Protein chains: 2
Amino acid sequence: MTRGTPPEKIEHLQPEKRYGLTVVLTGNGKGKTSSALGMVLRACGHGMRSCIIQFMKGDLYAGEWDGIKKLGDQVELYHTGKGFCGIQGNTYPYEEHRANAQDAIDLTLEKMVSGKFDLLVLDEINNALHLKLVDLDQVLDLLNRKPPLLHMVLTGRNAHPDIIERADTVSEIREIKHAFRRDIEPQPGIDY
Amino acid sequence: MTRGTPPEKIEHLQPEKRYGLTVVLTGNGKGKTSSALGMVLRACGHGMRSCIIQFMKGDLYAGEWDGIKKLGDQVELYHTGKGFCGIQGNTYPYEEHRANAQDAIDLTLEKMVSGKFDLLVLDEINNALHLKLVDLDQVLDLLNRKPPLLHMVLTGRNAHPDIIERADTVSEIREIKHAFRRDIEPQPGIDY
């Protein structure tokens, strides 16, 4: 919808060269997964297809699980994880976290070679690597095998320097402040 | 969809106290608008309604315009701006940019008091304030009049310190690297 004086014309960018970007979203602040979800929504508008593979957020409901259903068959979302490893109250053993993250690696390869997607989101993979649930060689192998026109977004804090080196676009999302610190509980729609 | 060993149960967070958060996404890196869009997608999954008011991105097509249409009547998006003020090739005079941003302020107030929305995204409002298209008093007035349960997300670089002071959650998105710097043109699905 347009308000005020409408622009004379809407300009449509058309890059001369299409390029599949590798994007890393890291840092300790709020906005990494939500930014990746926003790119999925944006890609959807362009008629592109996305696949989101969550490496670590398995057993805590998040609004995006139902949100992406509204986007229809342009988006697939897989949650393979067992929640955040090492977080208070998360009782799954390390081996189970690792087995799930390893399954997410296999799934990523499967989806990558399927040729079905324009955008692949590897949610929390940076953190999974940091916690040794996946290995650096495995993530570098994914980047090596990425088809040239596929966009790949890797989220999670503590991104490995070798992954940052390989990426095209990297944002560090720094926490300036967070409502959690004032004991405000996570709120639906914003935090999950 | 679930892969690997499914979690024994999905935990649904239910905050004891609902709270309408004020979130600021600022900094020079990629991910501010896309993060706000991701929150809209997430809110949608919770059955919440969102309104996005773009203060400055009027005449350049962005994938989210069509992406949010897929979310149906849970989301409204308004673009009132005339593109980025002061950017090369943007020929609209300052007065016209300001008139559009002022219209966006009026629209924000209208949507805020309508009681129809759970989440209001004021896209690029920080930048609009920095460029004097809106005034600090006007933005503080919006924050003062925000209903207690309404989430409000303010995006754009150069967020004003007084706005940061008033917000609950603030992320600074720092550019570590960007594909633009290597003369890779903006790519659909990721950059717009």
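Is B:Asn158 buried, partly exposed or exposed? I shall begin with that residue and then turn to chain A as a whole.

First, the basis of what follows. This is a predicted model, in which local features need pLDDT of at least 70 and side-chain atom pairs count only at pLDDT 80 or more, whereas totals for chains, interfaces and linings use all residues. Residues are numbered from 1 along each chain as its sequence is written, chains are lettered from A and ligands numbered from 1 in the order in which they are written, and side-chain values use heavy atoms, with hydrogens and water left out.

To the opening question: B:Asn158 is partly exposed, because its relative accessible area is 40%. The classes are buried for under 20% relative accessible area, exposed for over 50%, and partly exposed in between, with a 1.4 Å probe and protein chains only. B:Asn158 sits in the loop that joins strand S5 (151-155) to helix H6 (161-166) of chain B. Its phi is near 60 degrees, a positive value in a residue other than glycine.

A:Asp183 also has a positive phi, near 60 degrees, and is likewise a residue other than glycine. A:Asp183 belongs to the segment after strand S6 (169-177) of chain A. With 70% relative accessibility, A:Asp183 counts as exposed.

Now to chain A overall. Chain A has six helices and six strands; these are DSSP runs, numbered from the N terminus, with helices being H or I of at least four residues and strands E of at least two. Along the sequence the order is β-α-β-α-β-α-β-α-α-β-α-β.

How does the radius of gyration of chain A, 17 Å, stand against that of a compact globule? For 192 residues such a globule would be near 16 Å, so the value for chain A agrees. The radius is taken over C-alpha atoms, and the globule rule is 2.2 Å times the number of residues to the power 0.38. Along the principal axes, the C-alpha atoms of chain A fill a box of roughly 60 × 45 × 30 Å.

Of the 192 residues in chain A, 60% count as buried. Among contacts in chain A with a separation of 6 or more, 77% come from residues 24 or more positions apart; a contact means heavy atoms within 4.5 Å. The accessible surface of chain A is about 7,900 Å², and carbon and sulfur atoms contribute 49% of it.

Helix H5 of chain A, residues 136-145, illustrates the packing. Its buried residues are A:Gln138, A:Val139, A:Leu140, A:Leu142 and A:Leu143. They pack against several elements of chain A, including strand S1 (22-26), helix H3 (94-114) and strand S5 (151-155). As background, an α-helix has 3.6 residues a turn, so residues three or four places apart point the same way.

At 4% relative accessibility, A:Ala167 is buried. Leaving aside neighbours within four places in sequence, A:Ala167 is in contact with A:Thr22, A:Val24 and B:Lys177. A:Ala167 and A:Val153 are 14 residues apart in sequence, and their C-alpha atoms are 9.3 Å apart.

Which residues does B:Arg42 contact, leaving aside its neighbours within four places in sequence? They include A:Lys30, A:Thr33, A:Glu64, A:Asp191 and A:Tyr192. B:Arg42 lies in helix H1, residues 32-45, of chain B. At 4% relative accessibility, B:Arg42 counts as buried.

B:Asp118 is found in the loop between helix H3 (94-113) and strand S4 (119-123) of chain B. It is partly exposed, at 26% relative accessibility. Not counting residues up to four places away in sequence, B:Asp118 touches B:Met48, B:Arg49, B:Leu149, B:Leu150 and B:His151. The C-alpha atoms of B:Asp118 and B:Pro147, 29 residues apart along the chain, are separated by 9.6 Å.

Finally, the cysteines. How many disulfides are there over all chains? The count is zero, where a disulfide is a pair of cysteine sulfur atoms within 2.5 Å. A:Cys44 is in no disulfide, and the nearest cysteine sulfur, that of B:Cys44, is 12 Å away.

Definitions and conventions: Areas by Shrake-Rupley, 256 points an atom, 1.4 Å probe, with all protein chains shown as cover.
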